[in-house]
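Let's take a friendly walk through a protein model, one spot at a time. Keep the structure open beside you and look for each place as we reach it.

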Amino acid sequence: MSAGWRWEYDPDHAHVAGRIPAHVVAEVERLVGQLVDLAAMDIDIGELGHGPRPGGLRRMSAADGWFYFLAAPRARLIVVVRIIPPFDAL
């Protein structure tokens with residue numbers, strides 16, 4: 001296993017992004033890739049996006065919709081748990 005930061009879908013791609021338009025998924029994956037890059041530079045990504053307090057579940061805008069993610073610093077992992085596409089993409 002790599003010691004660097006990585007990201008994944010939870011529970012899997014089919015559940016989180018399976019019925020989401022490809023352009024929305026591509027934008028989410030691009031943004032999560034940038035979060036991985038920031039985390040690798042020791043930036044606290046648990047405070048990025050929107051959420052009730054630092055850490056915990058965060059929400060970030062993407063492609064006129066948004067996605068939810070959780071940063072797990074000890075595991076060096078970003079977990080994408082839900083993607084909400086814009087209404088016109090449904």
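Let's begin on the outside. Asp64 is exposed, because its relative accessible area is 74%, and the cut-off for that word is over 50%. This aspartate lies in the loop between strand 2 and strand 3. Please keep in mind that you are looking at a predicted model.

## A loop with two positive phi values

Asp64 has a phi near 65°, a positive value in a residue other than glycine. Ala63 is found in the loop between strand 2 and strand 3 as well. The phi of Ala63 is near 55°, again positive in a residue that is not glycine. How exposed is Ala63? With a relative accessible area of 26%, Ala63 is partly exposed.

| Residue | Relative accessible area | Class |
|---|---|---|
| Asp64 | 74% | exposed |
| Trp7 | 27% | partly exposed |
| Ala63 | 26% | partly exposed |
| Tyr9 | 10% | buried |
| Gly46 | 9% | buried |

## Into the core

Setting aside residues up to four places away in sequence, Ile83 touches Tyr9, Val16, Ala17, Ile20, Val24, Val28, Trp66 and Phe67.

## Two ring pairs

A pair of aromatic rings is described by the distance of the centres and the angle of the planes. In this model the count comes to two aromatic pairs. One of them joins Trp7 and Tyr9, with 5.0 Å from centre to centre and 85° between the planes, and this pair is edge-to-face. Trp7 is partly exposed, at 27% relative accessible area, whereas Tyr9 is buried, at 10%. Phe67 and Phe69 also pair: their ring centres are 5.8 Å apart and their planes meet at 35°, so this pair is tilted. Both Phe67 and Phe69 are buried.

## A buried arginine

Next, find Arg58 in strand 2. Arg58 is buried yet has no salt bridge, and Glu47, the nearest side chain of opposite charge, is 7.4 Å away. What lies 2.6 Å from a polar atom of the side chain of Arg58? The backbone oxygen of Arg53 does. Beyond its neighbours within four places in sequence, Arg58 is in contact with a list of residues that includes Gly46, Glu47, His50, Phe67, Tyr68 and Phe69.

Gly46, one of those contacts of Arg58, lies in the loop between helix 2 and strand 2. Gly46 and Arg58 are 12 residues apart in sequence, and their C-alpha atoms are 7.5 Å apart in space. Gly46 is buried, with a relative accessible area of 9%. Apart from neighbours within four places in sequence, Gly46 is in contact with Pro54, Gly55 and Arg58.

Pro11 has its place in the loop between strand 1 (6–9) and helix 1.

How values were computed:
Residues numbered from 1 in each chain as written. Predicted model: local features only at pLDDT ≥ 70, side-chain atom pairs only at ≥ 80, totals over all residues. Heavy atoms only, no water. Contact = heavy atoms within 4.5 Å. Phe/Tyr/Trp six-rings, centres within 6.5 Å; stacked < 30°, edge-to-face > 60°. Buried < 20%, exposed > 50% of the residue type's maximum accessible area, 1.4 Å probe, protein only. Helix = DSSP H or I, 4+ residues; strand = E, 2+ residues; numbered from the N terminus. Lys, Arg positive; Asp, Glu negative; His and termini not counted. Salt bridge = Lys/Arg side-chain N within 4 Å of Asp/Glu carboxyl O. Polar contact = N/O pair within 3.5 Å; in protein donor to acceptor, adjacent residues only side chain to side chain.
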